[in-house]
Amino acid sequence: MKDFWGISSATERRLNRLGIHSIKELALSSVEMLRKELGILGEELHQHANGIDFSRISDVYIPSSRSFGKSQILFRDYANRKEVELLLLELLDDVCFRLRMHQVVAQTIHLSISYSKQTGGGFSRQKKMGRASNLSQDIFPYCLTILHTFDNGMPIRSIGISLSNTSIQEEEQMSLFDDIDQRERAYALAKTIDEIRMRYGKNSVLRASSHLPYSTARYRNGLIGGHKS
């Protein structure tokens, strides 16, 4: 329900306690009950769930910042840090894909690592980037900085990454030190990969290494173009 306008995680929990777990149930619920429990927000949510919106088109809507994240409990302990880096990059690719689908960029990275059950422990740290982005190639070096700074080398069992401090994606302001052609190629590649994922599924394109771009692209009917790039 959090993808619906005006419903945050806290609001979703309050609605769940009222027995409302879907937008349909929200639309069919008592507006008086919603107004009593949530105030004017409850009434507005009821209206929007029923397709009623009194806002003016001329009003500019500025969405509140939200975070996008993904975590994974691994099937085994990972001691090889090159494997960990690749797993981290795969998670990051998925989160960045969601950022681009929502046409937003993020500037703050939050990385969580949990070690093996035998050793216990872990860490959770965040870092703010120099500029907001939704490209893995921009964000991944910051992830590695966090990992290499706080990791104690113990076997890893779970990884979590979230990107926050989001804003609407606009035209990117280039600096004098940017390679404009390279940036354009990076965005073009990301767009192509996104289109493949939307058509064939998110696992249709895989990385062969954390240090390489998408070098092997597969979909249900075989290799794209019949070869490895």
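**Notebook: backbone and cysteines**

I found asparagine 165 in the loop between strand 4 (156-164) and strand 5 (167-168). Helices (H or I, at least four residues) and strands (E, at least two) are DSSP runs, numbered from the N terminus. The model is predicted, so I note that local features need pLDDT of at least 70 and side-chain atom pairs count only at pLDDT 80 or more, while totals for chains, interfaces and linings use all residues. Residues are numbered from 1 along each chain as its sequence is written, and side-chain values use heavy atoms, with hydrogens and water left out.

I looked up phi for asparagine 165 and got a value near 55°, positive in a residue other than glycine. Most residues other than glycine have a negative phi. Asparagine 165 has 33% relative accessibility and counts as partly exposed; buried is under 20% relative accessible area, exposed is over 50%, and partly exposed is in between (1.4 Å probe, protein chains only).

I then turned to glutamine 103, which sits in the loop between helix 5 (81-101) and strand 2 (104-115). Its phi is also positive, near 55°, and the residue is not glycine. Glutamine 103 is exposed, with a relative accessible area of 57%.

Next I checked for disulfides, each a pair of cysteine sulfur atoms within 2.5 Å. The count by this rule is 0. Cysteine 96 is in no disulfide, and the nearest cysteine sulfur, that of cysteine 143, is 8.1 Å away. I logged cysteine 96 as buried, at 0% relative accessibility. Cysteine 143 is buried at 0% relative accessibility.
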